[in-house]
Structure formats: C-alpha cells, structure tokens
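Here is a brief report on a two-chain model. Please view the sequence and structure first.

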Amino acid sequence: MSREADEIAGAEAEIEEDFALFDDVRDKIEYIIDLGRDLESLPDELKTEGNRVRGCQSQVWLVAELDPATRRMALRADSDAVIVKGLISLVLRLYGGRTPEAITASTPAVFERVGLGKMLTPGRANGLYSMIERVRQLAQAYATAETTA
Amino acid sequence: MSDTATIEPRTKAPAFDVGAIRAEFPILATEMQGRPLVYLDSAASTQKPKAVIDALAHVYAADYANIHRGIYDLSQRASALHDEARHKVQRFIKAQDWREIVFTRNATEAINLVAQCFTAPDLRAGDEILVTEMEHHANIVPWQMIAEAKGAKVVPAPVTEVGELDLEAFERLIGPKTRMIAVVWVSNVLGTVNPVAEIVALAKARGVPVLIDAAQAVQHLPVDVQALDADFIVFSAHKLYGPSGVGVLWGKAAHLDAMPPYQGGGDMIERVSFSGTTWNEIPFKFEAGTPDIAGIIALGAAIDFVESIGIEAIARHEAELLAYGTRAIQQVPGLRLIGTAHEKASVLTFTLEGAHPQDIGMLLDLDGIAIRTGHHCAMPLHERFGLNASARASFGIYNTTDDIDALTRSLHRAAGMFQ
C-alpha cells in the first residue's frame, strides 16, 4: 500500500475510533452536528454556482485545488445545513490533502462501518453521496490530466 | 346496543373515531428508525387504507383482464369495475356526466393535457397565462413550456405576507391578452384555501377559461364541479388515499369534445387507417393505451372509503388538528410559521432559527417522524418568502393530537440543539 493510501486508511481508523464512542444514532448525529459547527466556512465568493454540488437538498459547495509540487489535492467545502456540514467535515478528513490516485483508489466504505451507510444511498437528499462522487470526479480529472500532460 | 343509540336522530353522521380510522391503515402500525411511525407527510402522498390495498390485490387476484375489447366474461367484469370507478369519481366531484372524467397518470399529466390540447392550439405571441405565486411547479412548468413555444408568457399573481392570494392584484392582471387562468385551490406549502368561486367568477366575467388544481383540495373539502363552474379541475388519486399512478382530469364536455387528442394509441381511436384515423369519443379520446386498470378501480375504493367517513367530518377533524398544531408548534423557540392565511387546510410549514430544514427533517426522522423538507416543488413561492427551503408537516384523516405532540417535542429538542 502506498503512503498516500495509508493516510486515508489512517483517517478511516480515526473516524471509526471516534464513532465507536456512540452506540445510538442520535449521539452520532449530535457528534456530526458538532463537527459541522467546528468546520470553517467557505468565503462567500467561493459559494458560486460552479462550485455547487448538485443532488443535495441543502446547498453544498466544494472547492478542490491540486498543488503541482506535492501533487496533493486541497479540499474546502461548506453547506447551509449543519448536519451536512458535519458530513462534509468527515469527507474532508478522509480525502483532503491526498493525491488524486489515492482518492480514486479508495472506497467510502468507512461510512458503512460507522453506521452511516444509509446516508450513502444515491438519491438520498443529504448529499453525502453526491459530495463523495464530486470529490472522486475531481480526483479522476486531476489524475487523467497528470497522465496525459 | 345501548339505549342512547335508539334516541339518536337517524340523520346524525357517525362519530369521527380516529382510532378506528387508524386501524384501517396498516402502515401506521409500523416503525421508522425503531420508533412508532408518526406520518406527517400526507400532502406529499397519503397512506392507503385496507380497502384500497385489498381492492388492488383483489383485482389482480380475481377480476383482472384488459378492458374494453375483451368479449369474454373476465374482461367484461374488469371493464365494468373500471367504468364503475369513473362513475364514483363523477359522483364524488358532482360532475354532470361521466364522460367529463378523464383518467390520467396524475394531476401533473392532467395539467399538461389541458395546456397542450386546450390552451396551446390557440395561443399567440404576446398572450398571457395567469397563475399565482403559490403554484406547485406542476401548475407552472406545463404553461411555461407552451408559452415558450408560442412567444406567450406566464404571469404570476402576487401572494401577501400571510400567504393569501392578493385578489385585487389578481383581478388587475386579467387583461385582454389573458388566454388561460390556472390556480391552485389549496396551496401545498401555505395550506391557503383560495377563494376559487370568486376566481372563477372573475374569469367568467372576462371570458377567460379557468383550470383549478385541486390536488390538495379533494381530500380536505367538498368539491362540486357544477357549482364551481370552472372549465377544468385536476387531482391525483394518491393524495386521496388512493393508489399512485392515477390522476383525474374533469373538463366541461364541450371543451373536451373540441380538443384534439393528447397522445395517440389504442383505445383513443374510432377507426385507424393509413389514409386517416378518427378519434374515439370523450373521455376515451384522451386515454391512449392500457390504463392503470387496478389503480383506477382502487381509486373507486378510496372514494368509497372517504365517503363512508364523510368529507365534512374529515374537514372538521383536520381543522381541529390544524388549530391545535398551530398553537403547539408556535411555542417552539425560533420557529417561524410560513402561511397563516385565514382560510387554511392541513399544512404547517415552518423554518427554525439556526437549523436548515434538512437538519430538522433528519433529526425528526430519528424520532420516527416523517415530515417533508425542501422547496416542496414551489421554488417561486419560497423565493417570495426569501427562503431556499422550509419544513412541512401535513395532516390527513388518520392524524391525532398525539402526532402533533410528538412533532412539537422533537422540534423543541431540535431548537435546543441548534440554537
């Protein structure tokens, strides 16, 4: 396993440890709400139509930037719904600062393992699925651009 | 029987027993997220009573064949049940003639049918179609589509701060270019019951045809299409305790007769030849292809069910719930009620300070409470109130004050978490 893939696995393990503290879904949601409150907001000028992730009932914006020197993808995201923002915070912990290849090689199975699998169903209005899809698409685009460059 | 039963006047309607009604709805005994289901999303779709579920199953188990063309007994039985359902709809909305009842897939399709076949053929550039700001997208987009094709425009009449139609402004907007008026009877977001009789009178005085979207009306209040005298009325079975997949278009026979067909296919023709095809009579002219036979029959069962309780009794029960619910949820800190019209039915739409409607919906889901969050297919209306989204609890025949208490408790808890 590459070092970058290890980093995602490490973040997954940390998230699993955090969620192991709660048995009740309500407690998990309260924790996600706390994460949402703690996540830094995006400046308004980045909340553009182009950065908006479709398929969410609330508004979600996601900005990705690849550092050409380190080949790591910086991610910033925001939502006007607190629970969604908390889910975003988890997505950023998993994928923020990873390489596009590591992102496309991973699966978001950790959400299943911490009991949030239901939130990952396509078409669920919470947008977690759409958000992860967008991150993977952006990573794929960067990865393709690198190989064809 | 007790002695008191004998002295009751015979005309008195049976008491409204919500416990007995709930027992007719199997889904209400189920759980959601491990909690007893509190279903407060009837404005999106109502749950189904056993009578409807049984009717659907029974058609397929005992009375099913394709209708209208079979010479054998089974097909004729299915045809008879299907025809009977049309007569039940006729009776339910007090239509003069069963031929004025067209079955569609839903209310949306019924509006599209009128837009395409009644309004579009004579629509010219510069013409106007008058709607209101409180329309469901189903009563906006079909008109926009034909307007765009012809260079006409869709004009929205304004809604006041409390969520009522500004009737004076509405009247002023009926101009020489107005070709069609399409108005919702009961708003799916605000719950506002619009003064449809006055609206129809205003339209008639200027010779403009009117379509009334009754999707949120037929399940809550008595409908008499002859007394109302609109040109078209549409509704869906699935909001009237019937199955999904069936809608109703009522239109005046003279209009329906004069209109071209909507779709081509079987059943809508009189005679087909490659040199030319002639249309069947109304309503069959508008019912191309095999319909939802079982669904239509089950709609008949839903109407029987509603009539057995009585629409007036249902309206009274729901009015009590609405009054109780309005008082109760307004005690929740930071809650803003959207839509406080004087005439209102069965809907509580709100926002909660510090929480996105989606946050509220997700928390209530954990408590087993089903409400709707989002724009409820009424984005222009949300824009008018400066909102992206809202949360909506809506009531039906089977809801109780216990349901509202559960809602209020959860909202208090949500308010505590988000504020």
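Gly175(B) is partly exposed, with a relative accessible area of 24%. The classes use a 1.4 Å probe and protein chains only: buried is under 20% relative accessible area, exposed is over 50%, and partly exposed lies in between. Gly175(B) sits in the loop between α7 (167–173) and β7 (178–184) of chain B. Helices (H or I, at least four residues) and strands (E, at least two) are DSSP runs, numbered from the N terminus. Val208(B) is 33 residues from Gly175(B) along the chain, and their C-alpha atoms are separated by 9.5 Å.

This is a predicted model, in which local features need pLDDT of at least 70, side-chain atom pairs count only at pLDDT 80 or more, and totals for chains, interfaces and linings use all residues. Residues are numbered from 1 along each chain as its sequence is written, chains are lettered from A and ligands numbered from 1 in the order written, and side-chain values use heavy atoms, with hydrogens and water left out.

**Chain A**

Chain A has six helices and two strands. Their order along the sequence is α-α-β-β-α-α-α-α. The table gives values for the chain.

| Property of chain A | Value |
|---|---|
| Span of the C-alpha trace along the principal axes | about 50 × 35 × 25 Å |
| Share of its 149 residues that count as buried | 46% |
| Share of contacts (separation of 6 or more) between residues 24 or more positions apart | 63% |

Contact means heavy atoms within 4.5 Å. The radius of gyration of chain A is 15 Å, which agrees with the value near 15 Å for a compact globule of 149 residues. That radius is taken over C-alpha atoms, and the globule rule is 2.2 Å times the number of residues to the power 0.38.

**The interface**

The contact takes 19 residues from chain A and 16 residues from chain B. About 1,500 Å² is buried between the two chains, and carbon and sulfur atoms give 53% of that area. Buried area is the accessible area (1.4 Å probe) that two parts lose on being put together, summed over both. In chain A, Arg26(A), Gln57(A) and Ile83(A) lose the most area to chain B, together 41% of what that side buries.

Arg26(A) also meets Asp367(B) in a salt bridge between side chains (2.6 Å, N to O). The rule asks for a side-chain nitrogen of Lys or Arg within 4 Å of a carboxyl oxygen of Asp or Glu. It finds one salt bridge across this interface. On the side of chain A that touches chain B, α2 (25–38) and α3 (82–95) each supply at least two residues. α2(A) gives the most, with six residues.
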